[in-house]
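Biologist: Before we talk about details, could you put the model on the screen and take me through its architecture step by step?

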Amino acid sequence: MKVMISQPMAGKNDDNILKTRDKIIEKFDKLHIDVIPSLFEMDAPSESYNPAVFYLGRTIVECLHQVDAVYFADGWEKARGCRIEHQICQEYGIKCLYSDFFETDNKPQVTSIRICNSDTITATRDTNPYSVTI
């Protein structure tokens, strides 16, 4: 699985942006999920009238086509570029992930899996068995 991070940047310094991004990447690394680079650190061309549009365009052209999902960092709803990326994901069926993706408090943990026959798998979550037919 490959993901891209969509992160609000307006009004934030580079250190803050990188620290937030590194924390998110670390969480994905623990799940063995690849995060593609989507933070462009080069300057927009001098002839670019609107650098924000230049960077958004690069993200759309170079990143979105190669991911299974996009992780939207906290505050994305207030950031114009993140909202545009979110709309693209919705329109083109790219999975959207949010901060609750990493929360495990509300998710029961699978403690065992048993294959009953070729059509049924029984999994136990927190001592409550359930069957899944495949």
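Modeller: Helices here are DSSP runs of H or I with at least four residues, strands are runs of E with at least two, and both are numbered from the N terminus. Please keep in mind that this is a predicted model.

Biologist: With that definition, in which pattern do helices and strands follow one another along the protein chain?

Modeller: The protein chain holds three helices and seven strands. Read along the sequence, they are arranged in the pattern β-α-β-α-β-α-β-β-β-β.

Biologist: In what order do the four strands of the open sheet lie?

Modeller: Strand 1 (residues 2–6) runs parallel to strand 3 and is joined to it by four bridges, with M4 opposite V70 and I5 paired with Y71. Strand 3 is also paired in the parallel sense with strand 4 (residues 95–97), over three bridges, and there A69 has K95 as its bridge partner. The four strands of this open, parallel sheet therefore lie in the order 2-1-3-4.

Biologist: Are the residues on the two faces of strand 3 buried or exposed?

Modeller: In a regular strand the side chains alternate between the two faces of the sheet. In strand 3 (residues 69–72), A69 and Y71 lie on one side, while V70 and F72 lie on the other. Buried means under 20% relative accessible area, and by that cut-off all four of these residues, on both covered faces, are buried.

Biologist: How are helix 2 and helix 3 oriented to each other?

Modeller: The axes of helix 2 (residues 51–62) and helix 3 come within 11 Å and cross at roughly 25°. The contact is made by L56, T59 and I60 of helix 2 with G81, I84, E85 and I88 of helix 3. Angles under 35 degrees count as roughly parallel, and therefore the two helices are roughly parallel to each other.

Technical notes. Residues numbered from 1 in each chain as written. Predicted model: local features only at pLDDT ≥ 70, side-chain atom pairs only at ≥ 80, totals over all residues. Heavy atoms only, no water. Buried < 20%, exposed > 50% of the residue type's maximum accessible area, 1.4 Å probe, protein only. Pairing = 2+ DSSP bridges. Axes fitted to C-alpha atoms, helices over the stretch in contact; angles between N-to-C directions. Parallel < 35°, antiparallel > 145°, perpendicular 65-115°, else oblique. Contact = heavy atoms within 4.5 Å.
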